Amino acid sequence: KERVFSGVQPTGNLHLGNYLGAIVNFVKMQSRCECIYCVVDMHAITVWQDPAELRKSIREVAAAFIAAGIDPKTHIVFNQSQVPEHAELAWVFNCVARLGWMNRMTQFKEKAGKDRENASLGLYAYPSLMAADILVYRATHVPIGEDQKQHLELTRDIAQKFNNDYKADIEAAGFSDGLFFPMAEPLITGPATRVMSLRDGTKKMSKSDPSDYSRIALADDADTIAQKIKKAKTDPEPLPSEEKGLEGRPEADNLVGIYAALAEEPKTAVLSQFGGGQFSAFKTALIDLAVAKLGPIGAEMKRLTGDVSYIDGILADGSARARVLASETMRSVKEIVGFVGK
Ligand code: AQP
């Protein structure tokens, strides 16, 4: 069976981009794969997090997973910090990855901004920890949004270099094909792999955007969702009837993409229904659809986050099960690398 791994950072403001770009696909993978879904709290602290807020956000992401339809009994839902093998393998990968590779990572450049000297070392090493998250489970498939593509390519480079550098010892450890780590495949699927800000169609919807109106949060209630869509930036033209008419119109393209993803139909179908009409009518339909699809998830998330002992129980159970898998990999890694011990 294929093994799926993916994660979401508990950095607050979980939004529609996280949902359509990642979580919806997490849910879909469950019927045919063994799935491991992680609240990546160690990634979160690569930029400053208030501890009380972090605790809240960890539980909120776990609640969102479950509210969206992830089954934590059949699959695994846990938080990264509770499985120390992630950090252990990340150290080995820090010694496999090359500085030149890390220097090409665009997310570091964006997040560090101009004041790079003041960015944390963790933020720089983030992709190495992400490779460890995936490969400590020797996962074969990783559902992610478009923005994580480069990090997944780096994960494959690290896996390949490890497999090459340690070829003889990998074979000696009983992995006769020499492929200890799999070449994990990114799954970037659906019409909304890059949901854009509602205020600026050229910027991705993000948790850290200072404007609350730039994103639809999963925790938003119906009135808030309606307000945000009503205020979403558009252009004065009516909607086109064909997809090529969306070129050069990033805000229109984004809203059509969101509708398509929520309705689970292609953009062409959305345009054949709304093409030629005014934005106001389309926005009204989008509000109804978004409220119908997201409302129940937001309500369930709220209910679940109120039940701290239930959520903490899910995370503890998931962490224990994840640890069994991760420690098996780490035992082999230590043997392959040449560390002495039992
Ligand atoms: N706008 C987006 N459209 C589609 N997918 C997205 N993802 C994030 N933003 C979008 C996907 O959601 C998953 C979890 O993301 P993350 O928690 O690791 O955070 P991130 O990629 O750094 O994105 P955020 O939420 O926008 O946070 P900030 O503001 O900190 O940059 C990933 O699979 C991601 O691709």
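## Ligand shell

The shell around the ligand divides into 5 nonpolar, 10 polar and 4 charged residues; here Ala, Val, Leu, Ile, Met, Phe, Trp, Tyr, Cys and Pro count as nonpolar, Asp, Glu, Lys and Arg as charged, and the others, Gly among them, as polar. The model is predicted: local features need pLDDT of at least 70, side-chain atom pairs count only at pLDDT 80 or more, and totals for chains, interfaces and linings use all residues. Residues are numbered from 1 along each chain as its sequence is written.

Of the 19 residues around the ligand (C-beta atom, placed from the backbone, within 6 Å), Gly-17, Gly-21, Gly-145, Ser-206 and Ser-208 come nearest. Helix H1 (residues 16–29) contributes the largest share of this shell, 4 residues. Helices (H or I, at least four residues) are DSSP runs, numbered from the N terminus.

## Domain arrangement

The protein chain is assigned domain 1 (3–193 + 307–337) and domain 2 (212–303), with bounds from an automatic or database domain assignment. The C-alpha centres of domain 1 and domain 2 are 30 Å apart.

Between the domains, 14 residues of domain 1 are in contact with 13 residues of domain 2, contact meaning C-beta atoms, placed from the backbone, within 7 Å. On the side of domain 1 that touches domain 2, H1 and helix H3 (51–68) each supply at least two residues, and H3 gives the most, with 5 residues. By class, that side of domain 1 has 10 nonpolar, 3 polar and 1 charged residues.

## Asn-103

Asn-103 lies in helix H5 (residues 99–103). The C-alpha atoms of Asn-103 and Tyr-124 are separated by 8.5 Å, with the two residues 21 apart along the chain.

How values were computed: Contact = placed C-beta atoms within 7 Å.
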